[in-house]
Amino acid sequence: MAGRGELIAVIGDEDTVTGFLLGGIGELNKNRHPNFLVVEKDTTINEIEDTFRQFLHRDDIGIILINQYIAEMVRHALDAHQHSIPAVLEIPSKEHPYDAAKDSILRRARGMFTAEDLR
Amino acid sequence: MSGKDRIEIFPSRMAQTIMKARLKGAQTGRNLLKKKSDALTLRFRQILKKIIETKMLMGKVMREAAFSLAEAKFTAGDFSTTVIQNVNKAQVKIRAKKDNVAGVTLPVFEHYHEGTDSYELTGLARGGEQLAKLKRNYAKAVELLVELASLQTSFVTLDEAIKITNRRVNAIEHVIIPRIERTLAYIITELDEREREEFYRLKKIQEKKKILKEKSEKDLEHRRAAGELLEPANLLAEEKDEDLLFE
């Protein structure tokens, strides 16, 4: 059952968002709302959380990409999201390389794979 | 926990047959569910392994992409604001398809291109080649990420499905089947006891009859000895009957 196309949303620092926009995922919907958020040094955690929740409620977003260090800040909102769609993916940023231990999805499987994780 | 209950049912042979059939059904159901749970768990582990691999790969791809971004910035200057302002339509979108594993529908993402590149003119001034490389790198990263997202959603859905199935298996194994077995045992004991009661009753009646018979025979003997008893006429003994003719 192929549904109508869904978007990929991004919440990240300027570089990440620029890169992905150049990859071609950015869109403004009818109300001129973008499907991305540039997180700067002065962006409050509430703003990030609000945008995240808005993305979750929008039914035209299928995937949400979020930098891992930002995900850390709103970890509680991420963990509360139990549905499978939209899928929330944690990506590394330039300053913070990927850390498998903090990924909320992999943490659920913590009990099954222990040392095999980092092989 | 009131796990010591049995099903309230009148103990009879038919009830026993019914309970036996139910027990068989419950056992078959439990075995089927266990098989389903095993199949799901197998798929789950496969997906988990793939996720870990893909995540490591993704870390590498993202690093490369970030590199090319730095390169492009160095050559073409700061184009971030231009890029962010010029957003209107997305060229890469995703579709959600359904995949089926052992009866569980898993969502799978598929990406597709639509429309033209709205950033064709960016970098026309300088850094065009770096920008093109950058776009290619990030497009590759997006493809990989879409695949990763599919794996992740399957992961989460399977996790839920496995938990539910295991819960059902345990419920059947530890609650339903023992309850039916207790009911069966109860019915069997009741039926046995009823048989024993019948048997006992029969025996008692036989004894009573015997006593009664002995008593009446003794009585007969006494009366015969005392000569009070007239033997009733024996039809089979040869005796002259007076002809009662028309006189």
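The model is predicted: local features need pLDDT of at least 70, side-chain atom pairs count only at pLDDT 80 or more, and totals for chains, interfaces and linings use all residues. Residues are numbered from 1 along each chain as its sequence is written, chains are lettered from A and ligands numbered from 1 in the order in which they are written, and side-chain values use heavy atoms, with hydrogens and water left out.

**Exercise 1. The fold of chain A**

Task: Give the order of the elements of chain A from the N terminus on, and state what percentage of its residues is buried.

Solution. 
- Step 1. Count the elements. Chain A has five helices and four strands. Helices (H or I, at least four residues) and strands (E, at least two) are DSSP runs, numbered from the N terminus.
- Step 2. The run is β-α-β-α-β-α-α-β-α.
- Step 3. Of the 119 residues in chain A, 55% are buried. Buried means under 20% relative accessible area, exposed over 50%, and partly exposed in between (1.4 Å probe, protein chains only).
- Step 4. Look at contacts (heavy atoms within 4.5 Å). Among those in chain A with a separation of 6 or more, 66% join residues 24 or more positions apart.
- Step 5. Take the surface. Chain A exposes about 5,700 Å² of accessible surface, and carbon and sulfur atoms account for 51% of that. Accessible areas come from the Shrake-Rupley method with a 1.4 Å probe; for residues, only the protein chains shown count as cover.

**Exercise 2. Helix α1 of chain A**

Task: Why is helix α1 (residues 14–23) of chain A described as largely enclosed by the rest of the structure?

Solution. 
- Step 1. Count the buried positions. Nine of the 10 residues of α1(A) are buried, so the helix is largely enclosed by the rest of the structure.
- Step 2. Name some of them. Among the buried residues are Asp15(A), Val17(A), Phe20(A), Leu21(A) and Leu22(A).
- Step 3. Follow the chain onward. Just after α1(A), Gly24(A) has a positive phi of about 105°.

**Exercise 3. The interface**

Task: Describe the side of chain B that touches chain A, by element and by residue class.

Solution. 
- Step 1. The contact involves 50 residues of chain B and 47 residues of chain A.
- Step 2. Give the area. About 4,500 Å² is buried between the two chains, 72% of it from carbon and sulfur atoms. Buried area is the accessible area (1.4 Å probe) that two parts lose on being put together, summed over both.
- Step 3. Count polar links. Five residue pairs are in polar contact across the interface (both at pLDDT 80 or more). A polar contact is a pair of N or O atoms within 3.5 Å; within protein, one must be able to donate a hydrogen and the other to accept it, and residues adjacent in sequence count only if both atoms are side-chain atoms.
- Step 4. Assign elements. α1 (13–76), α2 (80–85), β1 (92–101), β2 (104–113) and α3 (128–225) of chain B each supply at least two residues. α3(B) gives the most, with 17 residues.
- Step 5. Sort by class. This side has 32 nonpolar, seven polar and 11 charged residues. Ala, Val, Leu, Ile, Met, Phe, Trp, Tyr, Cys and Pro count as nonpolar, Asp, Glu, Lys and Arg as charged, and the others, Gly among them, as polar.
- Step 6. Check one loop. Ser84(A) lies between α4 (75–80) and β4 (87–91) of chain A. Leaving aside neighbours within four places in sequence, Ser84(A) is in contact with Pro107(B), Thr153(B), Val156(B) and Thr157(B).

**Exercise 4. Salt bridges around Asp15(A)**

Task: Which residues are linked with Asp15(A) in a network of salt bridges?

Solution. 
- Step 1. A salt bridge is a side-chain nitrogen of Lys or Arg within 4 Å of a carboxyl oxygen of Asp or Glu.
- Step 2. Cross the interface. One salt bridge is counted between chain B and chain A. Asp15(A) pairs with Lys73(B), with the closest N and O atoms 2.4 Å apart.
- Step 3. Stay within chain A. Lys94(A) forms a salt bridge with Asp15(A) at 2.8 Å between the closest N and O atoms. Lys94(A) lies in the loop between β4 and α5 (104–108) and Asp15(A) in helix α1, so the pair ties together parts 79 residues apart in sequence.
- Step 4. Compare accessibility. Lys94(A) is partly exposed at 44%; Asp15(A) is buried at 14%.
- Step 5. Join the pairs. Asp15(A), Lys94(A) and Lys73(B) form the network.
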